[in-house]
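Subject: Structure handover

Hi,

Here is the structure I promised to pass on.

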Amino acid sequence: MLLDQAGVCARDLRRKEDFPFAPLEGVGPNLAGWGVIETCLLLPESICVMAGPSACLRHSAFMAHARGFTERFYMLCLSELDMTMGKHLEKVERGVADIAARRSEKVIFLIVGCPDYILGTDFTGVIARLEQATGKRVILGAMAPITIGLKDSPFTSAYTAFFDFLKDVPRSPDPNTVNLLGTFMPLSDSGELYRTLAAAGVQEVLQIPLCSTLEQFGRMASARTSVVLHPLANGLNGKLEKELGLSSCFTPTAYGFPTIAEHYERISQAVGRTLDVSAVAEAARAEAEPRLEALRGKRIAIGCSINGSPFELAHFLLQSGLQVEALFARSGVRPFEWKILDDLRDIKPDLMIYNASHPALCGRTEPFDHIDIAYGVDAGVFCVNAVNVPLSRYQEQKFGYENTLWLLDQTEQALADPVSNYDWIYRHNFLI
Amino acid sequence: MQTYHQLLPLATGYFGVSSALYDFDGLVVIYGPAGGAWHINIEDEPRWYRGPATVVGAGILEMDVILGNENKFIDNIVRAASELKRRFVALTGTPISEIIGTDLRGLARMIETRTGLPTFMTPTAGSEPYSQGASKAFLALADKFMDPHAPKRPNGINVLGAVHLSLGKEAHVQPLLDGLEKEGFELVGVLSAPRPGGGDPLQGVRDAPGAALNLVVSASGVDLAERMYAQYGVPYVTGLPVGRYGWAALQALLRGEEPPQAPAAPERTNLRHALVIGEPVMSEGVRCCLRHDFGVPAVDVVSVQPRGGLLQASEARRGSLMSSGPADAETDDEQEIAALMNAPDVDCVVADPCYRPLLEEGAAARFIPLPHIAMSARIHWDLPYEYALEAGYGYVAEQLA
């Protein structure tokens, strides 16, 4: 199978249909961070119970072990026969009730998989009885890859379900509070965004990973604005906007100065205050320029497992005069990335963009032997001779100009003291 | 219905299929939604890393199930298998194909006709033990590739059931393979670890019927051993030799002799009652080592895979290291295993490190880590440990020191 089938030139990628079609899921390293359980457990005072065949549960169990949330995660193993015959409902109900009896958390996410989705199992009665018997909220969710592309992804649905805990809380709107949505790790303490917002009178930034109780989480309903750092939160943000009247802006994690400047402008408009970032921007530029200069001549590949958009990072590096040679994408181009791709196409029309899950790409490393730096552990799998810079969202969550400097810190550190791609994947768990 | 909290559910049927077929240069298609094959590769198949497309997903979506778009998948598989130049295609079932009753056999026939490649299916779902999935894969592989007229090799031996989910990296099995060769046996087929140096990894499978004997080293090798006796008259011996006495006993069984007397004065430890948790043949090997090499008086085995065929009487079996103790158990239930581990008289537990958290706080039992890849997969894949022959003896001795 020719490698060409797995890639497309930026100049030819203009519509969704242009992205290389993978005849089978070639199992590239391309699904990092696809974790509905992890998403559910962001909600404070919650546990998660997943029910389904062992094979499906095993997948999620690995994520629980890798991310250290086994304590709040339970699995109920069901046979396909029981599921087909509808005999599993009683068992699930009993199993969840048993678990609920020994836990103090107020919320239980009951997650089912593809089989129940296909069978159309109706859990309404089970949930109603469980809520009545346990006094806890029980929320049904799905870990159902069979729905990919047709409905919101399971983790977007789970994140959106958090709205149930905001819609009815007593509100006292606070113009000096901002929500930060779409993060798994809280914004780093150094927090350029904290300082910038504080200087404009925004005293508090609320983030779900920092809420330890539902009461704290409920305060998000009273914030003035939501700043969305990842498309995962678009559903929840939409409800906050539409049903509770919170203003919002979409500012996905970015690395490039023009994009970051634009993001601050969006935040400024959303919070209705002038944000003065000129000094920060100037200082960052001054610091970054010689460091970017030092990377000139290095050949770069970028993968989709980075925190942020590989297209945006490629655009920034190319604008900075660096040499980006390959880009690995997941299922195509996300809506907000098309505009970036338009600009990218003008700068480097021959940039190759690969479908990381295409079977023709599996095991093909020789076309990327010349790459010096690979951003993202997925790119690192293909670029054998490159130093690998994961830029994983499990490392740190940065925002603004400090994210550009973090990118450079990480790159320099990797060049000076490289960690193998194998170790990033198998010892640091950055691929799941 | 079992509840898991600290443990991972063990690998199931189609994981076993992947484990059995991975090294034979085929294309294993997980006939289910996206994600299933991805997880096998990332977690359960460390051999995936930078390797060619071997285990791939069909990527079935909701509308495909509703509309029955089988033709689309046949086209996709035909295209990928032909262009990737794989040696065969294996379709393996998932919970979805099980629930909607996909005719995998029919699909396999159509793919074989269109590609000209040997194609077969393994009827797996998402709940059966991985050893059964691997077993089904071995039978299918044998049906497709074994040559009934393979030349007879009087000293030839096949090793059956050597799947990575049971035995870990090939390097761990190597002392056994070396030992067999040193004993004068000629290795014909090692399922599933093709011998290095050969051009065609399936050659060992083709030649396997010509061997004089089969050695079954895990539960997933029994069905194939029985089949090979019925079809080709090749008898088998069961056992995985861990440590010194196990190897001596196995050598005798392979020669058709009675195992030697156990050493009268083995190494002594203070341990009185050990519990070994894991794959049944491996666990039996560890029991044998603890008892006869180190003098532990009571050793019970918790087999997390069915032992059925391993213990049943069989005309085909020439000898076995397997035994059954009164306190042995066959379960993969987290609560039951936790109770057995925390029994007051158990002073040593040999198991995958994932079981360690089940030991209650303050428990006095010594824990000896022995990764079971079907439990912990990549989490403990690289852990330093050994089991086979003298290397296994050395590892246990070091842990007991």
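This is a predicted model: local features need pLDDT of at least 70, side-chain atom pairs count only at pLDDT 80 or more; totals for chains, interfaces and linings use all residues.

Start with Arg50(B). This residue sits in the loop of chain B between α2 (36–44) and β3 (55–57). Its phi is positive, about 60 degrees, although Arg50(B) is not a glycine. Most residues other than glycine have a negative phi.

The predictor gives the complex an ipTM of 0.92 and a pTM of 0.93. For chain B the mean pLDDT is 94. In that chain, 100% of the residues reach 70 or more.

Leu391(A) is not a glycine either, yet has a positive phi of about 45 degrees. Look for Leu391(A) in the chain A loop that runs between β14 (387–389) and α16 (401–416). Is Leu391(A) buried or exposed? Leu391(A) counts as buried, because 27 C-beta neighbours lie inside 10 Å.

Chain B overall

Chain B has 17 helices and 15 strands. Its radius of gyration is 21 Å, close to the 21 Å that the globule rule gives for 401 residues, so chain B is as compact as a globular protein of that length. The C-alpha trace of chain B spans about 65 × 50 × 35 Å along its principal axes. Of the 401 residues in chain B, 57% are buried. Take the chain B contacts between residues at least 6 apart in sequence: 72% of them join residues at least 24 apart.

Thr119(B) lies in strand β5 (residues 119–122). With 26 C-beta neighbours inside 10 Å, Thr119(B) counts as buried. Which residues does Thr119(B) touch, leaving out those up to four places away in sequence? They are Phe88(B), Val89(B), Ala108(B), Ile111(B) and Glu112(B).

Chain A overall

Chain A has 17 helices and 14 strands. The radius of gyration here is 22 Å, close to the 22 Å that the globule rule gives for 432 residues, so chain A is as compact as a globular protein of that length. Its C-alpha trace spans about 65 × 55 × 40 Å along the principal axes. Buried residues account for 52% of the 432 in chain A. Among chain A contacts between residues at least 6 apart in sequence, 75% join residues at least 24 apart.

A helix pair in chain A

Next, bring up helix α4 (residues 88–101) and helix α6 (residues 124–134) of chain A. They pack at an angle of about 25 degrees, with their axes 10 Å apart. An angle under 35 degrees counts as roughly parallel, and α4(A) and α6(A) are therefore roughly parallel to each other. The crossing of α4(A) past α6(A) is right-handed. On the α4(A) side, the contact is made by Leu89(A), Val92(A), Glu93(A), Val96(A), Ala97(A) and Ala100(A). On the α6(A) side, Val126(A), Arg129(A), Leu130(A), Ala133(A) and Thr134(A) take part.

Best wishes

Methods
Residues are numbered from 1 along each chain as its sequence is written. Chains are lettered from A and ligands numbered from 1 in the order in which they are written. Helices (H or I, at least four residues) and strands (E, at least two) are DSSP runs, numbered from the N terminus. The radius of gyration is taken over C-alpha atoms; the globule rule is 2.2 Å times the number of residues to the power 0.38. A residue is buried if 20 or more other C-beta atoms lie within 10 Å of its own, exposed if 12 or fewer, and partly exposed in between; C-beta atoms are placed from the backbone. Two residues are in contact if their C-beta atoms, placed from the backbone, lie within 7 Å. pLDDT is the predictor's confidence in each residue, from 0 to 100. Axes are lines fitted to C-alpha atoms, for helices over the stretch in contact, and angles run from 0 to 180 degrees between N-to-C directions. Angles under 35 degrees count as roughly parallel, over 145 as roughly antiparallel, 65 to 115 as roughly perpendicular and the rest as oblique. A crossing is left-handed if the near helix is turned anticlockwise from the far one by less than a right angle, and right-handed if clockwise.
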